[in-house]
Amino acid sequence: MSNTLIDRRRFLQAGLGAGAGLALWELYRLGMGDKFARAGMSSRAFKDIGLDEDRLGRLVALALERGGDYADVFLESSMSSAVGYDGERFTGAGMELIGGVAIRVVAGDNTVLRATGDMSWESLTKLAREVASAARAGASGSASVPRLRPLASPNLYAVSTPAFDEPVAAKLDYLKRLAAAAKAADPSVRDAQVNYRDTLRLLGVATSTGVVAYDTCPVLKVGVAVRVAKEGSKQVGSASFSGGGHYGFEYFREHSPELLASRAFEIARSQLDAVEAPSGELPVVLGPAYSGVLLHEAVGHGLEADFNVKGYSYYSGRIGQQVASPLCTIYDDGRRPSLNGSINFDDEGVASSSIPLIERGRLVGYMHSRETAARMKANPTGNGRRQGFAFPPLPRMTNTYLQAGDSDPADIIRSVKRGVYARAFAGGSVNITTGDFTFVPTEAYLIEDGRMTAPLANVLLMGNGPDIMNRISMVGYDMEISDNLWECGKNGQMIPVTVGTPTVRIDALTVGGTLRL
Amino acid sequence: MQVEEIARKAVSMSRRRGAEQAEALVVRQEEKAAGVFKGRVELSGASDIVRLTLRVFRDNRGATITAQGPTERDLEAMIDRLAELSRHTAPDKHFGLSDPQDAGKFAGDLKIYDPELAALSLQRVEEKALEAESAVMRQDSRTAGLVSANFQARAQHVCLCNSRGFCESYRGTHATVSTNTVVENQVVEVGARDGGDAGTERVAAAASSTARTLSGVNSEETAAATIKQLTSMKGSRRCPSGWFPIVFAPDVARNLAGMLSQLCSGPVASSGSENHILGKPGEQACSPLITLVDDAIKEGGVGTVYFDHEGVGPRRTVLIEDGVLSQYLLNSYYARSLDRRSTGNAMATPDPRFGVRPSNLYIRRGASSPESILADVRQGFYVTRFMSHAVRVVSNYTQAVAGFWVEGGRLAYPVRAAALSIPFEGMFKNIVAVGDDLKDDGPVASPTLMMSKMFVNPLG
């Protein structure tokens, strides 16, 4: 792959004549080769297809021409390349290019959204007028559009070496080394598969509050899946790990193949010697980092404001109330550099923030989009996120974690006479209304007399989110953000998130699913 | 540009730029959707997106491009870029277009396009959502104020062209209605935890329905399905723990049908992994009571197609007959790798091998009424809802469920949450009864199923 930059003039001729995709394509090459240009790459890309700030302001004004409280225009153009490696050969080379625009008007409780993949000016003015016609503005106000001003936001994606422009051979070499490292981890490893994907998202938002914000968001994902089996035994294990986040190619320099391979291998290996799990209500110790997914599901979703606007959540109407053990302080923090869930600003042009949700057990806030904030007379928190341009923004988590406590993690394990230590999870689900959740650990151990002993098979943890939050009796000082890539699904939209937690003791949780034939 | 023009251009451009074979799938999707809450329209949205999936083959290597609204220059740049990436991939003789003898478009009218639905105005979409919301409130006054409903109308224009000269298209429509509600139930005994005040229990319920035509979705029925879930959990209790017979209601048994179809899919069969537990065609794969069919030519079926994502004509495929594996679910790549013919189940994915998916999948109805199946259960669990995704860790299948405890052949009381587990390998051989109550209402359907035993562990 050549790193040669194209001539700027030639690029402009091509870009102006060709539309969004080519502008993205070539601008990426141009911008990433020039640190000075990089900051403005997204705005330049959209300007070069005719969507400058003046025109974005006109679209917002058009959308509001029949009234409304709020309007915005969301622009997206993203490009990905992907390849797989099955341990012996590279497979499945693919590329993806997605571009489109959404225009939205909010009038009272009503939102009208239109999306199109056609980014031409004619198409967009037509779309804005359709939105204006469909909006139930009526008596609900008529926001005027102030002059758009750039949003001040941090740059959490400090990419020094863009993955896209690295020579293909360098990427593939890393993937080979990763598969080899997984296979070399232990004779029990039967096979190791690797997948790789790099994406660049160019985003733009213009709002009737006078904000215009552009972002250039790189995403790197490298996954490894291992399968282990014991000689002469039917017992098998499998696990996968996906590393990455908002990184460039430097991720590979900072994360050795051995490190990534060990993440998946350790989980799979634990399954090989696993014994059947005990059953019943037991103390459960959650290990640091990965266990944050339990917090995400069991508590986090219930604190997203759309569920609370409707009164669907267990946490509805409970601001100020004690909803968890005083040891619990939970934050959603979209501002942590390079993390998968981090965002410079949300998809409604609100700068990301670090917000307390629960402080010393007391419920102090929900995660808001602009829409839920307006309906609940609160401030937007920078959590209005969407999977892509064609989806409406919803209140979503970013990086959600339980703050460190002051217990020694070893003491937490020592405090349990008989219980379960769970470290990694296959996934889970939660009923937002009741708070009931189920989780399946993929790596769990028996605790006997304060010591971790046998790995456990077939454990299912079941409980009630609000309930277990009151049963947390020890919180470790070892808060760790998971280095696995997580994706969160809600209303058919997938978004990247990150979870984190220190070691935590829950005094009683239902451990189930054990069987022995 | 029309979908056919885009597809033809993508194929010819790929050929000009060095591809030996090329295939372009173009789908234009126009969608209108409305969400309502408390009698007001909260969200009304519309989108019009054209998506291209282009597969190119050269030197027995395959590569895929997916793009929304690409220009010609975009495609040129991507094809060239991809060529460089795919040069590093290994040649694989199974790559390539579908076999000419398999290619084709179904000739008759499959009744999957409703002009009225395609032309539905957004205002009518909003009205349909409001109708669904009021149906829930009308059927159960407890739900007043905490109901939301959504209605979605989708029209698709699908076109597939390849470098062998195949170029066909068809149109289809879908309508989906869904309702959600939360109520406070007065209960005698609360399950593991009380979500509200003492003596009450908050219960959430949701249901949805999808059809190819506007008249095919029924708000009243969807509302009734939602309400049924609300009343069913009233007075939930903790059930015993241990090995018991399990009866799956049709709405959850369909998940087991889906799982079975995955197990007999080409990717699993050709992987040689431990997931491939059903054996080879001709071997007993599961209980002799099970016959699993995928019917891609079912008139008006939600999953019905005129051709699959690589232009192979649809058909009705018996995957398991009387418990014996008779056919895998295949696309062209996996058919070649297993020395078989495609079953017309290709699904476009970023991986150039493509995946497979069932179209309209069902377990054939059995001879027993659901009442008689339950009557045979002295003590056991009647599952009405899955509360988690099915999870396999090590060798077991584990599933969190809700439903009823059964005593002496009757539903004794609701159980809000329990875990069910069973060794995965023999799981489908344990099916001992299949109901006669197959509902023909979705892309995946099953009658009531009963397993001889699973391990039950209640919540709380």
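At what angle do the axes of helix H1 (residues 3-16) of chain B and helix H2 (residues 72-86) of chain B cross? They cross at roughly 40° and come within 10 Å. Axes are lines fitted to C-alpha atoms, for helices over the stretch in contact, and angles run from 0 to 180 degrees between N-to-C directions. H1(B) is therefore oblique to H2(B); angles under 35 degrees count as roughly parallel, over 145 as roughly antiparallel, 65 to 115 as roughly perpendicular and the rest as oblique.

This is a predicted model, in which local features need pLDDT of at least 70 and side-chain atom pairs count only at pLDDT 80 or more, while totals for chains, interfaces and linings use all residues. Residues are numbered from 1 along each chain as its sequence is written, chains are lettered from A and ligands numbered from 1 in the order in which they are written, and side-chain values use heavy atoms, with hydrogens and water left out.

The crossing of H1(B) and H2(B) is right-handed, a crossing being left-handed if the near helix is turned anticlockwise from the far one by less than a right angle, and right-handed if clockwise. On the H1(B) side, B:Lys9, B:Ala10, B:Met13 and B:Ser14 meet B:Glu72, B:Leu75, B:Glu76 and B:Ile79 of H2(B), where contact means heavy atoms within 4.5 Å. The residues of this contact comprise four nonpolar, one polar and three charged. Ala, Val, Leu, Ile, Met, Phe, Trp, Tyr, Cys and Pro count as nonpolar, Asp, Glu, Lys and Arg as charged, and the others, Gly among them, as polar.

| Helix pair | Axes | Angle |
|---|---|---|
| H7(A) (168-184) and H9(A) (257-272) | within 8 Å | roughly 50° |
| H5(A) (53-63) and H6(A) (121-134) | 7 Å apart | about 30° |

H5(A) and H6(A) are therefore roughly parallel to each other. Their contact has seven nonpolar, one polar and three charged residues. H7(A) and H9(A), by contrast, are oblique to each other, and their crossing is right-handed. The contact of H7(A) with H9(A) has seven nonpolar, no polar and two charged residues.

Chain B contains nine helices and 20 strands; helices (H or I, at least four residues) and strands (E, at least two) are DSSP runs, numbered from the N terminus. Its C-alpha atoms fill a box of roughly 75 × 55 × 40 Å, taken along the principal axes.

In chain B, five strands form an open sheet of mixed pairing, in the order S10-S9-S8-S13-S19. Strands S10 (324-325) and S19 (444-445) of chain B are the edge strands, each pairing on one side only; two strands pair if DSSP finds at least two bridges between them. Strand S8 (residues 292-295) of chain B runs antiparallel to strand S13 (residues 361-363) of chain B, and three bridges join them. B:Asp294 has B:Leu361 in S13(B) as its bridge partner.
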